[in-house]
Amino acid sequence: GILIVATKNAGKIREFQHAFAPLGLTVKSMFDYPELPDVVEDGTTFAENALKKSKQIGEALGLPVLADDSGLCVDALDGRPGVYSARYAGEGSSDGDNNLKLLSELERLKQGEDTGQPLLSTARFVCALSLYDPSTAAELTAEGAVEGWITSEPAGGGGFGYDPLFYLPEFEKTMAELTLEEKQSVSHRGMALRLLTEKLAAQGDR
Ligand code: ITT
Ligand code: NA
């Protein structure tokens, strides 16, 4: 079967493909439906934006659709960039632009003081998933989070987005230094996917 995911983020697509392939599901993304307009993500929470994406695309296609809204919440920045993670350095900004912006905001807080300490602030990645079925108007949701530190020493070529700056003390590695399997086992998205799968299975039992 196929699973439609309302995303244009290549990093997310890779992780969903990896997660759903063992279930015999092929992932389709918004790259397979170029005629569909982008969803305006003006919600104030990850959950709100995830529902907006799954519902708009699900209704447009008349098929069940999964959506992911996620981001990075940095404690020293009062939770920013949060729901603005994808466009932190401006509309259409690249992952590289956003990472530079994050480090410069955290450096600004130190006001020139060099502590020699690469770990700048605690932070968490959050992922809200929404599965919307237009035939019943039913929505299933799940949220996952992972705690770590923002490091001034980016490392790793895996993952996407802020992964090279997100340091996990228990691995002594950044998220970008983990394999896809390792990332799935600890990440916000992996946790949300496991919770969503449990909810789906519980529904199937009813
Ligand atoms: P779609 O809306 O098309 O799914 P997007 O990239 O715009 O793609 P979001 O609005 O959910 O997605 O923004 C999430 C941003 O948060 C994303 O661009 C990354 O910069 C960051 N992010 C989310 N999950 C991440 C992860 O697993 N690793 C690193 N950065 C992540
Ligand atoms: Na988005």
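Is proline 118 buried or exposed? I looked this up before anything else. Proline 118 is exposed, because 12 other C-beta atoms lie within 10 Å (buried means 20 or more other C-beta atoms within 10 Å of a residue's own, exposed 12 or fewer, partly exposed in between, with C-beta atoms placed from the backbone).

Entry on the model. I am working with a predicted model, in which local features need pLDDT of at least 70 and side-chain atom pairs count only at pLDDT 80 or more, while totals for chains, interfaces and linings use all residues. Residues are numbered from 1 along each chain as its sequence is written, and chains are lettered from A and ligands numbered from 1 in the order in which they are written.

Entry on proline 118. I placed proline 118 in the loop between H3 and S4 (helices are DSSP runs of H or I of at least four residues, strands are runs of E of at least two, numbered from the N terminus). Not counting residues up to four places away in sequence, I found that proline 118 touches Thr151, Ser152 and Glu153 (contact means C-beta atoms, placed from the backbone, within 7 Å). I also looked up aspartate 32, which is 86 residues from proline 118 along the chain; their C-alpha atoms are separated by 41 Å.

Entry on the sheet. I read an open sheet of 7 strands with mixed pairing, in the order S2-S1-S3-S4-S5-S6-S7 (two strands pair if DSSP finds at least two bridges between them). Strand S2 (26-28) and strand S7 (173-174) are at the edges with a single partner strand each, so one side of each has no neighbour in the sheet.

I then went through some of the pairings. S1 (residues 2-5) pairs with S2 in the parallel sense over 3 bridges, and leucine 3 stands opposite valine 27 in S2. S1 and S3 also run parallel, joined by 2 bridges; the bridge partner of isoleucine 4 in S3 is valine 65. S3 and S4 run antiparallel, with 10 bridges between them, and aspartate 68 faces leucine 129 in S4.

I noted that helix H2 (residues 46-61) lies across S1, S3 (65-74), S4 (119-133) and S5 (138-151), and runs at about 160° to S3 (axes are lines fitted to C-alpha atoms, for helices over the stretch in contact, and angles run from 0 to 180 degrees between N-to-C directions).

Aspartate 69 itself is buried, because 28 other C-beta atoms lie within 10 Å. Leaving aside neighbours within four places in sequence, its contacts are Phe46, Asn49, Ala50, Lys53 and Ala128.

Entry on ligand 1. I found 22 residues around ligand 1, the closest being Thr7, Asn9, Ser85, Ala86 and Gly161 (near means a C-beta atom, placed from the backbone, within 6 Å). S3 gives the most to this shell, with 5 residues, and S3 and helix H3 (95-110) each supply at least two. By class, the shell has 5 nonpolar, 9 polar and 8 charged residues (Ala, Val, Leu, Ile, Met, Phe, Trp, Tyr, Cys and Pro count as nonpolar, Asp, Glu, Lys and Arg as charged, and the others, Gly among them, as polar).

Key
Contact = placed C-beta atoms within 7 Å.
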